[in-house]
Structure formats: structure tokens, C-alpha cells
Amino acid sequence: MAGLTDLGVAQIRDGVRDGAFSAREVAEAFNAIVEKGRALNVYTVETPELALAAADAADKARASGDLKPLSGVPLGIKDLFATEGVATTAGSRILEGFTPPYESTVSGNLKRAGAGMLGKLNMDEFAMGSSNETSAWGPVLSPWRRGDGGNAPLTPGGSSGGSAAAVAARLAPGVTGTDTGGSIRQPAAFVGIAGIKPTYGRCSRWGMVAFASSLDQAGPMARDVRDCAVMLEAMAGFDPKDSTSLDLPVPAWEASLSSDMRGKRIGIPREYRIDGVPAEIDEVWEKGIACMRDAGAEIVEVSLPHTKYALPTYYIIAPAEASSNLARYDGVRYGLRVAPEQGNLTDMYEATRAAGFGAEVKRRIMIGTYVLSAGFYDAYFNRAQKVRALIARDFERVWERCDLILTPTAPSAAFALGEKSNDPIAMYLNDVFAVPASLAGLPAMSVPAGLNAEGLPLGLQLVGKALDEQSVLNAGLALEERAGFTARPEAWW
Amino acid sequence: MSDYRIHGATGEWEVVIGLEVHAQVTSRAKLFSGASTEFGAEPNTQVSLVDAAMPGMLPVPNAECIRQAVRTGMALEAQINPWSRFDRKNYFYADLPQGYQISQLYHPIVGEGEIEILLDDKDEGSARRVGVERIHLEQDAGKLMHDQHPTMSYVDLNRSGVALMEIVSKPDMRSPEEAGAYIRKLRSILRYVGSCDGNMEQGSMRADVNVSVRRPGQPFGTRTETKNVNSVRFIMAAIEYEANRQVDLLESGGTIVQETRLWDPDKAETRSLRSKEEAHDYRYFPDPDLLPVELSDAFLADCRASLPELPDAKRRRYEGALGLPAYNAAVLTAEVETARWFEALLEKLGHEHAVRASNWVISDLFGALNRLGKALAESPVTPAQAAELLRLTADGTLSGTLAKQVFEIMLETGEDPAAIVEARGLKQTSDTGAIDKVIADVLAANADKVAEYRSGKDKLFGFFVGQTMKAMAGKANPQVVNELLKKALG
């Protein structure tokens, strides 16, 4: 049944429930299309048997009348999530051959909600990257191509590039992503899908390979806002195994979805209008503002004065935490071990980490080690922590004037593979709009808003108050309804 | 201040000592994981996913470890910080799976406190106060095993993640004896509180010993730190060795380098491990996986309410309310087990007999256990049995000699004293008729000595007592024998 892979998460859930098709039919259809989509390098591991097993369980559950919230929905899981019995490498050679004996809380929550797993999704190594080019397993190709007749392979963004491409190419109805400084939102924008990073602490980080602990957050990526709400409800929730997890009930986000924006004030931060950003970004932003106004919202100009410090702050804090988080990959207990003949322990560390980590990961470990070093700690790490507090305070103050903030998600449309891979600063600039919400721990979502002149998707970002995912989702829905984004890439692969 | 001095070739030197004691927190589970902490298990059988630092694993603080650190701080009358935080101390070693130790550098859970030490148990005037700088919580590391393979080392992670309290003293000690008294007193307090078993052989308590020397009255000298010394004797020996080494070095024109040293118990010397220049840059920063530790008033009140009577207070009570000699009070309160044993005995016997009971415990019981090579916990005689024995002596049922006999049988068989007295007929008799009859026989058999006594040789009285007691197999009440003999000898 070809049409089944065109369905989204909620549609599959409802169809299975209503008996329009069986879960097994859905799983088989996706398993087949996943196999056909291998040219995109989206999946690092395919698990068709797990998708089928969950589907059969769903069909049985339907027969016995105890369907779960995601029964019959097969999903792709970013390879940053540990999956019991299924290889988990976080895009790194240093974890080659590592099969965890445990399941991350988030992927476990999805399983318990009845979802099946199609496979593990390619990503930037340890989630460090904005183009998926740092993956040890090769870059993911975006299903999108420029409408200029050229066939330059484009990036799906990163670090959740495999996740984004899978949804855009219909190789999964929904997927998990993770976002440390834009890793859900930027790829979602690049491939024309929706993705939300919830408030820091909504989703447990237990079993998620750590990049930067104070920033890492899991979130769903899917075709539309409703699907994101459905998935997030299943993923989120208090987890006593994560001390930073929020001990709060999970709201019924899907049931409360409403695109009525009357009475809501949308803030437009002036600091997000930066030099050198192409006109098409401003244009889609204007379009978004018009949509919000049309949905009944009041538009207010606001100021987030410390915005310009967000990116440098992020590129101190995230590498600092990463340099420590990645110290455990030492060749002693699991993953890659390179032990030179006659070498000692230090030789083994050096050889293992030299061979196991890619260039970008090494760069960030070095930056992080430097900013934490005696004599530099106060000038870099400590100062960055202070600036981070100021950035969070900017948002606190702005919430006195508005309920949500609307900005572009990324400063450009998707770029070609190789275009920025030798220029780390240009690559880091991709996250210039995404990083402030990460530093403040706020819920933020990207929703597709239009195509640029080359026919590539552009996304807009909505940032909300802490714990107010509902308003973010509602505004996303209002934008989605009015922007009328229906484009999808042609299947050339 | 101590007058302990090292007499160098060029004059006198004063020793300055500070101790950093690592005490394993008594808790069934580790500081940040649910894995067991039991000593002596097979390698790598008490290791959770968190302890092995598997990808994506996160630490969750063990509330019991936090409670124990707070109770310890309270026992040292220390500042308890209602807000503290965990930091990461980053370094690579094979026994450190995370690549960092979770510790508390910037905001420890316990601040300044104080420990009172007695250099002489009999003399309150020998009391000194040693400042405690701080107590923080941290993870222990695993252990490398070098004897399992010809070319490789193996790692045992059973200890990895076990909770330690690092108790940092101020540089307030001035002699090996003071350091020894400090460590013994600290150990005693920890065991009273129940926050550490103080078992130095099993590594539950070990000390980093900071030593420097100076001319009396001069500023502190450069110190060295001798790591992981694991007995009171070794700590004192390491200080003595290190202080003498430093004096020798300084007097021969050398300078002390700030360095980390190792104690070699076989050679009884310290050896350089690494200098300050080679020291790690630990890149401490707040652990982003953990929230700050915030202690509520209710939690603090609960911790305080759970504290037992501590050794100093107990010693003063024994001396005051119970009227014990200072030495007895000090001996009986030094170890929590001794005090518990003594108090269980008093509970049965009555506090009015405290002095006699304390003497009996210290001389008779300790003497016997010492002879048998047993610890108090292994005593064949229970406090209740001891109370019974002392009561039988007090009410005249047993003479001192009989009591000793009965006690020996108790030690051997573990039987109750009353049962022993009954079964073996060891009861003392005050039956004047029976005693008079024996006395009459003794006097008749020793008519010559009776005559001598009556002519003024008073010393012979003891002879008659001895003969009478002997004839009665030691069971006669000596007081009654005395009275009746005096009457008979007229």
C-alpha cells in the first residue's frame, strides 16, 4: 500500500484505531520505503523486525481493545538515544560496535506508548554539527534539491539531519531529534518539517548520549504541529533517573491545540535582524508576522539586548561540558580501543581518541578543555555562565510584553554539502537564532513557512515561556494553517 | 600548643600538620547510583551502568549519603551549608570511568567546625582543639589490579562511585601525637554518628597527610602531601619521617618543594610521587547533570534529632552524673561499642553501681578479653550477665574470689552466673553455725598459734582467716568469718 507512507503520526494512529488499515501494513510499507531510500544515508541501522513486532502487538491490542497512544506508529530514532540490543554510535567511530544493554527513557517511553522502531537515524558526531557532515558514517543527503536544475547534494541540516531527512523523504512518519543549540529546529527548517525542543527538563536525558548536559533536550520532529504534539506527549515526563528532569505532569498538548491567537502578543525581537542575512529570510519572517496577525495575535516589537553574545556564550559552555562528557570514551570499557604495541595507558588513550573522534569533536574538546583550564576559567567559562544568566533574564523581561517570540529559524536555506565544512565559524552561525532559547532552556519550535526562490524550504521559529509548550504549539498550528506549506521533495533517490 | 620539637643540627624546628581524611560514608548504595557498597565482593559485581559510565548514564544523588555528611558536620559542631553543589574534577585514569570525579570544590556541604582532642586521658588540661576546614562529598574511584595478566592491568569498579566524605582539618596540629589523637577522635565521632565504620584496614578511612616544618614562631613552611595513609600508626610514622626529612633537607641547604608523596609502609618512608609542576589541571566546573543540594529546615532538624550523645558529652556525663574517675570515663567513651556495652550493663545493674561497674569492665572484662584475644563485640559475656555477676557480688552471694571463679566459668561456657553458682555450689555462706563449727576445728588444730595470738601476735589473725576459708573451700563470707573469728579468739 503505497499511500500509507504519506501519512503522518496522528493519521496512522487514527487509521489503525479505526481499522482503515492494519499496523502491520503500515510497518511493511515503511520497511519497504526505508530500504528504497538508502541512497540518502538516513538510517545507520534498520530494524524492520522491531517495526513489525510492534505493529503486530498493535494489531493484537486493537483486537483486544487496549490500544496505546502510539499503537501502530513506526518511528525513526536518532542514534543519540541508547536502544537496547540495537547498535548506538552517536555518529561516532569511537562507539563503533557498541550495543547498549539498556533503553533510553525517551525511546522507552515511545515504545511503551506502542510505537515501533524503523531504525536508528544518522546524525552529526555526538550531535556536534549543523550539516550532518561530521557523522562518522557519511553525510545524510537532503531529499531536497535546488530548483536551478543543478543536482548539488544539499545538507538536511544538523545535528538531527538523518531525523529531518527521514520525515521529509517520508521514510518515517515521525522521528526523535535532540537539540543542544538548534539541532532539531535548524534541520526541521532546512527540510520543511516541524520540530519542537521542549522546555529543558521536560524530556529525560537518561540514556541519551550526552553532548552538553545543561543544554541537551530531546524533542519530536514530524510533518506537522499536531504530530509533534502527539509525539511529545509520549516522550516527555518526569524521570527520577535524571536529576534535571522536571517533576511535572505532562499536559494534554494535542487535545488543547488551538490556532486561535486572539489575545496573544507575539514579540518580534529587533536584535534578530542581523546584517548579511538574505532578503528571503526577512520576507518569510514578514509572512509569518502577517499570519500571526491574521490569526488574531497582536504584534509587538521587543528587545533581547544580549542576543549577540548568545553564540559565543554557547560555544564556550557547550564545548566545556562536552570536553568532560566525552572523557568516558577512553577505550577502557566499551567502544573502540586502539592499544599500540608496548604502549602504556596514556598511549592507549591517545591512540583511541585520535582514531575514534572526528575533527569537529576534537576541535570542541580542545576548546572546552581550554576554557576550563586554570587561568582561563574565569575569563571564559565563568563569564559565559554569567552572560547565560543575562540572556535568560532578557527573556524573563520580554515576557512582560509578549507571550511568544517569532523569529526565523536559521539565517539561510539549506546549503550544499561541502559549502561550509571547512569554515567552522560560518557553520556555527547557522545556529545564531536557535541558541538563545537553548541557553535559556525555553521551548522553541520550527514550523515550515515557505519556499525560497530556489524552491527550498524556510522555517520560522516560535519561542515560548518555560513550560508553555502549549502556546508554542498553538502558534505553530496557526502559522502552519496560514502559511499553507504543502511542498515536498520529489523522490529522486 | 605542643612543645614537640625536632632538634636539628642548627636548632629547633616546629612541625605543622594538616590532615585530609577520606571517610567512606556508611550507606548501602553508592553516592550517585543504586549499586551496593559491600566490601570484599568479587571484582566488578557491584557496578551499575552509572558506575561504569556507560553512554547516556546520569548521576542521581543518594539522600542517605547527604544525610550522613550533614549529621557528621553537626557532630563536629560545624557550619552546615543549606546550599551546596557538586563539581566535576576532570582527569584521565583507568580507575575513573567517567573521566571525572564528582566532588565539591566551590560549595562544600559542610563548612568550618572543630574537634577536641585529649593528649592524656587522665588530664582534661591536655585538651586541644583542632579546626575542621570543611567536609565535602565525593565519589571514590575503582581499583587497578596489576597481578592478573603478564602485560596488562585489570580494573575493578566495585568501589567506583562509593561515597566518601573528605574531612579537611586546618593546619592546627604540631606533633605526631596530636595527629594520632585527632584521627582517633575523628574516627570515634564518625562511629558514634554511624556515618563511617572507621575501618582503616578495609580502606573505609584513610588520610592525606600535609606536613611542613618551621622555626618556632615563624610563618608556615612549604608543605608536602603524603597520600592515602591508612592507619594511625602509619600516619604518625609518616609525619615523623617527613618532618625529619624536611629538617635534614633544609639544614643541608636544600628547599622543600610542594609535592605529592607516597607512604611506603614496608620501608617506613615517604617517596616523591609528583611535584606541583606536574600536578593535574583538574578543570573543575559545576556538574551540569546535578542540581544544587538544598537542605530544608525540616531535613536539618531531622538530622540533628537523629544524633546520638557524642563522646565528649558522654565523657563529661560519666564523670559528672555517674561520678566516674576521669580515666575510666575516657576509656569507656572512646569507642561507641564500649560505651554501649557499659550502658547496657548499667541499665540492668543500676546507675548507683557505676563506679564499681566501670572498674570491673576496665580491669576484669578488658583484661580477660585481652587475654583471650577477643574484641568487645565477641565477648562471651553479655552486659546482662555481667550485671548479674556484679549484683551477686554486691549482695554478698559471691565473695571477690568466688566472683572471679564464676567469671572465668562464664568466659568459658557463656552460662549465666546464677546458674553457675547454683550448679557448682559456689555460693558464699554466712551460716554462722557452720562457720563456728569450722572455726572451732581450726582453733583446736592450731592451739599453739592460738596461744601466740593471744600473747599479742596480732598478725596471726590472717592465718586463721585463711585456714577457715580454706576449710570452707572459699565459700564463707569473709566478713562473717572475721567477726566470728574475733569472737572465738576473744
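A residue is called buried here if 20 or more other C-beta atoms lie within 10 Å of its own, exposed if 12 or fewer do, and partly exposed in between, with C-beta atoms placed from the backbone. The structure is a predicted model, in which local features need pLDDT of at least 70, side-chain atom pairs count only at pLDDT 80 or more, and totals for chains, interfaces and linings use all residues. Residues are numbered from 1 along each chain as its sequence is written, while chains are lettered from A and ligands numbered from 1 in the order in which they are written.

Helices (H or I, at least four residues) and strands (E, at least two) are DSSP runs, numbered from the N terminus. On the outward side of α11(A), facing away from its buried side, sit the exposed residues A359(A) and M366(A). Buried in this helix are V361(A), R364(A), I365(A), G368(A), V371(A) and L372(A).

Turning to confidence, pLDDT runs from 0 to 100 for each residue; chain B has a mean of 93, with 99% of its residues at 70 or more. For the complex, the predictor gives an ipTM of 0.96 and a pTM of 0.91.

Methods. pLDDT is the predictor's confidence in each residue, from 0 to 100.
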